[in-house]
Amino acid sequence: MNISCSIIADLLPLYHDGVCNGDSARLVDTHIASCGKCKSTLEEMKDNKLDSHMKKERDNMLENHIGKLKKSLIQGVSIAMIVTIITTFAVNFATSGTLSWFYFVLSGALLLSSLTIVPLLFEKHRGILTLISSVASLLLLLFTINYIVDDNWFWVAAISVLLSAGCSWLIVSIFGKKRS
């Protein structure tokens, strides 16, 4: 019985992995004894050339998909932040003639972006850059509150935030080295 190469090509991965039934295995054995093309395909599978090629293709596809997902997420969050900031600016200025609570929203938006956009933008040193940007945003928020309330507690709060950030960085550095 003469079986086409396309049928054998469908059976070769199962044959290679040793999971096809006995009849299919005998059929493949008979075919590759007389077909150099299918035999060489099987040899490539044994050499893992095909597997490595498929793995590279899969990884490239995943990398492209993740890149597109990151890009759309960054764009979406950025547009939402810009619309929020512009709307808040307009409403606050129109209702009170000043920008009293606009700075709260601006500081909060910067804090949110430092926790969402910064980790997506940077592959290298992601953790430290996220920590620095979030601490800077939090300090800006504290300064804004201190300025509007017209009080003098900013430096106490700022030192607490900086010490907490330093301890967080130290803990992550110590435990991060032990994991790797």
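Predicted model: local features only at pLDDT ≥ 70, side-chain atom pairs only at ≥ 80, totals over all residues.
Visitor: What makes Y147 count as exposed or buried?

Guide: Y147 has 61% relative accessibility. Buried means under 20% relative accessible area, exposed over 50%, and partly exposed in between (1.4 Å probe, protein chains only). So Y147 counts as exposed. Residues are numbered from 1 along each chain as its sequence is written, and side-chain values use heavy atoms, with hydrogens and water left out.

Visitor: And F143, what is that called?

Guide: F143 sits at 42% relative accessible area, so the label is partly exposed.

Visitor: How many aromatic pairs are there in the whole structure?

Guide: The search turns up 6. Rings of Phe, Tyr and Trp (its six-membered ring) pair if their centres lie within 6.5 Å; planes under 30 degrees apart are stacked, over 60 edge-to-face, and the rest tilted.

Visitor: Why are F143 and Y147 separated by about one helical turn?

Guide: Because they're 4 residues apart in helix α6. Helices here are DSSP runs (H or I, at least four residues), numbered from the N terminus.

Visitor: What makes the pair of F154 and W155 edge-to-face?

Guide: The angle: 70 degrees between the planes, against a cut-off of over 60, with 5.1 Å centre to centre. F154 comes in at 10% relative accessibility, so buried is the word, while W155 is exposed at 60%. Ring pairs also link F89, F93, F102 and Y103 into a cluster.

Visitor: How do you know that K70 and E123 form a salt bridge?

Guide: The term asks for a side-chain nitrogen of Lys or Arg within 4 Å of a carboxyl oxygen of Asp or Glu. The closest N and O atoms of K70 and E123 are 2.3 Å apart, so the pair qualifies. This pair links distant parts of the chain: K70 is in helix α4, E123 in the loop between α5 (102–121) and α6 (126–149), 53 residues apart.

Visitor: What else does K70 contact, leaving aside neighbours within four places in sequence?

Guide: Besides E123, K70 is in contact (heavy atoms within 4.5 Å) with L120 and R126. K70 is partly exposed at 22%, and E123 is exposed at 56%.

Visitor: What makes K70, E123 and R126 a network?

Guide: Salt bridges link them. E123 and R126 meet at 3.1 Å, N to O, and R126 is partly exposed at 33%. The structure holds 4 salt bridges, including R58 with D59 at 3.3 Å.

Visitor: Which residues does V28 contact, beyond its neighbours within four places in sequence?

Guide: V28 is in contact with I8, L11, L12 and Y15.

Terms used. Helix = DSSP H or I, 4+ residues; strand = E, 2+ residues; numbered from the N terminus.
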